[in-house]
There are 2 protein chains.
Amino acid sequence: MDRMITVNVELGERAYPIHIGADLIGQTALFAPHIAGSSVTIVTNSTVDPLYGDTLRAALAPLNKQVSTVVLPDGEAHKNLETLNLIFDALLGSRADRKTTLIALGGGVIGDMTGFAAACYMRGVPFIQVPTTLLSQVDSSVGGKTGINHPLGKNMIGAFYQPQAVIADIGALRTLPGRELAAGVAEVIKTGAIADAGFFSWIEANIEALNRCEPAALTEAVKRSCEIKASVVAQDEREGGLRAILNFGHTFGHAIEAGLGYGEWLHGEAVGCGMVMAADLSVRLGHLDEASRKRLVDVVLAAHLPTRAPALGADRYVELMQVDKKAEAGAIKFILLKRFGETLITRAPDAEVHATLAAAV
Amino acid sequence: MDRMITVNVELGERAYPIHIGADLIGQTALFAPHIAGSSVTIVTNSTVDPLYGDTLRAALAPLNKQVSTVVLPDGEAHKNLETLNLIFDALLGSRADRKTTLIALGGGVIGDMTGFAAACYMRGVPFIQVPTTLLSQVDSSVGGKTGINHPLGKNMIGAFYQPQAVIADIGALRTLPGRELAAGVAEVIKTGAIADAGFFSWIEANIEALNRCEPAALTEAVKRSCEIKASVVAQDEREGGLRAILNFGHTFGHAIEAGLGYGEWLHGEAVGCGMVMAADLSVRLGHLDEASRKRLVDVVLAAHLPTRAPALGADRYVELMQVDKKAEAGAIKFILLKRFGETLITRAPDAEVHATLAAAV
C-alpha cells in the first residue's frame, strides 16, 4: 500500500476516520475495526460493482461475516424513494438486524442513499463509506448529510447521520470518466475558495496534475478538502450557521440541476457554474473584486467545467432557488465571496440577481 | 380548562413537556411557545380531521401562521412509504421550509408517520404531537420513536426524533371507539406490570373507571404511564438496554400483527394478548409465579382485550419474531416478567416457546 493519510472528523462520540490513499478497498485491516455485527450488506451500483465489488468482498472474506450485495441502477435519476426502498427490501429479505453494517461502495448517490438507509433501517444501523468518485471523496463522505431527491427538490428528504469510517481509495479514480473527475475538482475549488486562499493558490498551480489524475496531487487535494470540511462540520454539525458556507455555488447550482432535471448536468458541473454565478453576484454587490472573480472563472475553465448557465429563464431560476433548503419563507440566501477564504451569507436585491442570471447564460 | 398536568421528558437539549388534561386542543397558549417559524402543517387523517381539525386550526389562528392541513387515509394499513410520501408532497407543494412546524393530530399511526416525516424533511424540522387516542397518549407520544411499516416488518424504517411538545387531550377520548380505548389500556397495563407494582394494583382497582372513560382515572393513567416511560427513556434514549423492557408483550404482539396483516388486530390488542403469552413463558421458565400470571390475565380480560392468540402456526410465529428489531442474528430476545415491576430479557429454549404458542391459541 502506498502512503495512506488519515483525517479524523472530530464529532465527539460520533467521531470517525477518513483514510485516504491508493488501493485501500482491498485492505481487510481497514474494515475490520468498524464491523461489529455478524453481517454486512454492500450497497453499490451496476457500474461500480463490476469494477470494485469483488475486491471489497475479498477484503471482507477473512472477517467471516455474512456478506450480501445490493446492486442499484446507476445515476442521480435513481436517487429517490423507490430506489431507497430496494435497499430496505434487500435488508429485510436477508434478515439484516440492528448490528448489520452497510457499506456504501460508489459515488455520492450511493453514499447518500446508503447513509440514509442506514439512518432509517431499524432506526439506525452502522455504515461505512467507500467513495469511488473524487466528488464523493471530497464532499459527500464528510459531514453526515444523507438523503434522497424529491421531484420538487434535491436532497429534500434525509438525515444527518455519521459513518463509522470513510475509506477513500484514490486508486478507484483511475476508472473515473474525465467529466466526473472534473465534477470532483469543482468541489475542491469550492473548498479552497471559501476557506483557504493558500489552498486555492495550490489548486491553481496544480490544476493540470489534478486533470491528469496524478496520485500525489489527488491525495493532497482530497486530504486538504476533507480537513477543511471536517473542521467546518465539527464546528456546526447540524448546519445551524457556519456550515452553510459549504453551499457556495450550490444555490445557483441546485437550480441548474433541478431545472434541467437531475442527472443532465453532474452535481459538480452545476456547482462549477454556480460558483461563477455567485462570484458574479458578489462583484455586482460590491463584495468581491473583479480580479478575484476572473481567477475563479479561469480555474473553473481550466478544470474543464462549464461556466455558462443553461437558459431556464430568470423566473424559473428564482422559483427553483426559493424551494432550496437554505431559503426561509421564500427568501433566498446567497453565499457570496469577499475574497478567497472569506464568505458572507446574505439576501440580494432582485435587480442584481436578475443581472447575474442574464450575464450567466 | 380543567386541571392540566405536565410531565417533563428530561432529554437535555431535546427535553420537552407533555401536557395532559381535558379540552387542550383548543388552547392557543399551549401551542404558541413551540412554533418558531412562519408556517405550520397539520398532518391528520380522514377520521380525526372532521372531529378536531377545526378546533386546532381555530387555536392556531391567533398566531398568524400560514397553516395547511394534510389529510391521510385512516389506519395502520396506510403506515407505509407511499403515505409518508404524501406528507413530503404536501410539504414541498406548500413550500414548507426548515422552520415549518408539523403538528401530528391523530393516533399512533399519524404520530409515527408525522414524526418520521419531520425527522427527514430537509433533514429535520420541528413537530408537535397532539395524540387523540389513549394508546398514542400513553405510548407513542413518549420516547421519540417514529417510523413506518415494511411489508416484511413493523416499524422497520424510522428514526429517533423528539417532538417540541406533546398535547394529550383527554377530552378527545370521548369520541374514541371502545375497542381503541381498550387497546390503549393495554399499554397502561404493560407500564404498570413492568415498572410499578403499585400502579399495577391501581389499574386493577380502577379498570372499570378506565373502561367508562372517566376523566380523572384517564388523567391519572396517562400521567403515570408517561412518567414511567419518560423515566425509562431518559435513561436510555436510543434503546441500548433498559428501554427494551417497554417492549414487554411486543415480541409476540408484533408477530400477531404482522401475521394477520397490519390493521386486523389493533396494536394494543396484540400487546394485550402478547403480554399474556409473555407471562405464560415467564411461568414456564420459572421466573414468574402462577398467581401473578393469573392477575395479569384477569386485568387484560377486564379491559376487554383478547387473551387467545390467532392460530398462525408455531413456525410462522417463530419466523415473524426472528425479524423483530430486537432479534440479533435470528436469535429472539424475550422480555419476561419476574414479578410486577421487575423484568428480565433473555433468549428461551424452543420447547418452552412452542409450549407457550400451543397454549395461547
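1. Two residues are in contact when heavy atoms of theirs lie within 4.5 Å. With neighbours within four places in sequence left aside, Arg57(A) is in contact with Ile42(A), Asp49(A), Val67(A) and Thr69(A). The model is predicted: local features need pLDDT of at least 70, side-chain atom pairs count only at pLDDT 80 or more, and totals for chains, interfaces and linings use all residues. Residues are numbered from 1 along each chain as its sequence is written, chains are lettered from A in the order in which they are written, and side-chain values use heavy atoms, with hydrogens and water left out.

2. Arg57(A) belongs to helix H2 (residues 48-60) of chain A; helices (H or I, at least four residues) and strands (E, at least two) are DSSP runs numbered from the N terminus. Its side chain makes polar contacts with the side chains of Asp49(A) at 3.1 Å and Thr69(A) at 2.9 Å. A polar contact is a pair of N or O atoms within 3.5 Å; within protein, one must be able to donate a hydrogen and the other to accept it, and residues adjacent in sequence count only if both atoms are side-chain atoms. Arg57(A) and Val67(A) are ten residues apart along the chain, and 7.7 Å separates their C-alpha atoms. At 26% relative accessibility, Arg57(A) is partly exposed (buried means under 20% relative accessible area, exposed over 50%, partly exposed in between, with a 1.4 Å probe and protein chains only).

3. Which residues does the UniProt annotation "binding site" cover? The unreviewed entry lists Glu187(A), His250(A) and His267(A). These residues span 81 residues in sequence, but no two of their C-alpha atoms are more than 10.2 Å apart, so they gather at one spot. UniProt annotations may be inferred rather than shown by experiment.

4. His250(A) lies in helix H9 (residues 250-260) of chain A and is buried, at 4% relative accessibility. Not counting residues up to four places away in sequence, His250(A) touches Glu187(A), Lys190(A), His267(A), Val271(A) and Asp324(A). His267(A) lies in helix H10 (residues 267-284) of chain A and is buried as well, with a relative accessible area of 13%. Among the residues that His267(A) touches are Glu187(A), His250(A) and His254(A).

5. Most residues other than glycine have a negative phi. Asn64(A) has a phi near 55°, a positive value. Asn64(A) sits in the loop between H2 and strand E4 (66-72) of chain A, and is exposed at 71% relative accessibility. Met122(A) also has a positive phi, about 50°. Met122(A) sits in the loop between helix H4 (108-120) and strand E6 (127-131) of chain A, and is buried, with a relative accessible area of 4%.

6. The contact between the chains takes 37 residues from chain B and 36 residues from chain A. Together the chains bury about 3,500 Å², 57% of it on carbon and sulfur atoms. In chain B, Leu92(B), Arg98(B) and Arg123(B) lose the most area to chain A, together 23% of what that side buries. Buried area is the accessible area (1.4 Å probe) that two parts lose on being put together, summed over both.

7. How many salt bridges does the rule find across the interface of chain B and chain A? There are two, one of them between the side chains of Glu319(B) and Arg95(A) (3.8 Å, N to O). A salt bridge is a side-chain nitrogen of Lys or Arg within 4 Å of a carboxyl oxygen of Asp or Glu. Ten residue pairs are in polar contact between chain B and chain A (both at pLDDT 80 or more).
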